[in-house]
Amino acid sequence: MLVVQAASKPRKRTTRARIGLAVAGGGPIGGMYELGALRAIEEAVTGLDLTDLDVYVGVSSGAFLAAGLANLLDTAEMCRIFLTGQSDQARFHPEVFVRPAMFEYLRRAIHMPRMIVDWVGAVARNPLEFNVSDSLMRLGSLLPTGLFDNGAIESFLREMFTTHGRSNDFRELQRRLYVIAVELDSGREVRFGAPGHDDVPISVAIEASAALPGLYPPVKIGSKYYVDGALQRTLHASVALDQGADLVIGINPLVPFDAAQAHASGAAAPGSLIEGGLPAVLSQTFRTMLQSRMQASVSRYARHYDSADVVLFEPNADDVKMFFTNVFSYANRQQVAEHAYRSTLADLRARREVIEPILQRNGLAFDEAVMSDTHRTLHDGLAQPRPAGSPTTSRLRYALDELDGLIEKGRAASRQTRPQRSEPRKPARRRARKKPADES
């Protein structure tokens, strides 16, 4: 499903459009959906280099992808890391996301004897005032704040962002990157990467942004604790709009399921979600809350950012696969990414008349070869892995990329007084070097 909020008062520009990306959360499977969608968008749109945007915003699992792109890790390479295992850049092990939080269990267990003694003493002193609910609340503090260890996730990200010429420091990136989390004790949104919060390692910021309460413990940074950024808003596209983006591409993998629509389309779905028990009810409730906030945000964008275009990609309401696939399952991650890839291309073809004018005014265009190939798959562009390189050659490649990017920006600045061109935006010069077959 494609949600388009076209600018009512487009800016008259003499320079290239500023483009931003906002990626929401959704657990590991949601992240795989987002990766498939991003791959489809990059292949279908000419002039769009997702590693050379002006601003990136990531929440929870979306922060993994936003940070990777801001670090010149393109969609093809991330597909090899997370889907096929053919990358020389990083080795991904799915079990890293579901390791028990043993330290958290032990930390809570240490307090158990003292807690029980205090509770027994309180009951003995005031037996007539014994209250079951109060006792349960007291004992509730013994429960761990998360089931799984997010420290292993941070370690994986730290290694990925400190090798092959990449950086784990917001301040060293040539692109704006914001990772959104929520401060636990105040409920306030925190934009890691913004001044005052840019000294936190990117890997730690992502760990905090993905700390979904109940599943992962809150992350302590300094003297404060942080949890999942989705608790405040769903997408946080306003962060990119506040940075002056003319076009923001958003991806949200979690939408409520419409059983009636699924039946009407011939999909195999239960008569009611109640048949799925508590997990299905909780999933639908959570998705409905996220979608409600998303709709409110899109309406606000139209009022407060009337000179910017927002294009939001989401699953369809009758998408059985995206609702009934366990968001923490890894066995189906390739199928989900492929499903997202095909669905995104289908949405672009179906809404082409609406999307094309938006692309044109932002210097972009559709790739006719990709748009006309209805049998194209995600793996078609991944057949030839990137040649393995040493850390030294990777750092050199990264430095050359940055140098070419700075040269291109300098040339763009010198053209500010020239009339605006109507042809599609050209990719940055730093990407003009000969590319592997999968990136062509």
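## Aromatic pairs

Nine aromatic pairs are found in the structure, which is a predicted model. In one of them, the ring centres of Phe 257 and Phe 324 lie 5.4 Å apart with their planes at 80 degrees, so this pair is classed as edge-to-face. The two residues come from distant parts of the chain, 67 residues apart, with Phe 257 in the loop between strand S9 (247-251) and helix H10 (259-264) and Phe 324 in helix H12 (residues 320-324).

Elsewhere among the aromatic residues, ring pairs join Phe 82, Phe 92 and Phe 156 into a cluster.

## Nonpolar cores

The largest nonpolar core holds 84 residues, of which Leu 48, Leu 177, Phe 192 and Ile 206 touch the most other members. The greatest contribution to this core is made by helix H1 (residues 27-44), which supplies nine residues.

When residues up to four places away in sequence are not counted, Leu 48 touches Ile 19, Ile 41, Glu 42, Leu 53, Ile 249 and Leu 364. Another core, of 22 residues, lies apart from the largest one and has Ala 24, Val 59, Leu 235 and Val 239 among its members.

## Helix H13

Helix H13 (residues 333-350) has 18 residues and, at 1.5 Å a residue, should span 26 Å, which agrees with the 25 Å between its end C-alpha atoms.

Note on methods
Residues are numbered from 1 along each chain as its sequence is written. This is a predicted model: local features need pLDDT of at least 70, side-chain atom pairs count only at pLDDT 80 or more; totals for chains, interfaces and linings use all residues. Side-chain values use heavy atoms; hydrogens and water are left out. Helices (H or I, at least four residues) and strands (E, at least two) are DSSP runs, numbered from the N terminus. The expected span of a helix is 1.5 Å times one less than its number of residues. Rings of Phe, Tyr and Trp (its six-membered ring) pair if their centres lie within 6.5 Å; planes under 30 degrees apart count as stacked, over 60 as edge-to-face and the rest as tilted. A nonpolar core is a set of buried Ala, Val, Leu, Ile, Met, Phe, Trp, Tyr and Cys residues joined through side-chain atoms within 4.5 Å. Buried means under 20% relative accessible area, exposed over 50%, partly exposed in between (1.4 Å probe, protein chains only). Contact means heavy atoms within 4.5 Å.
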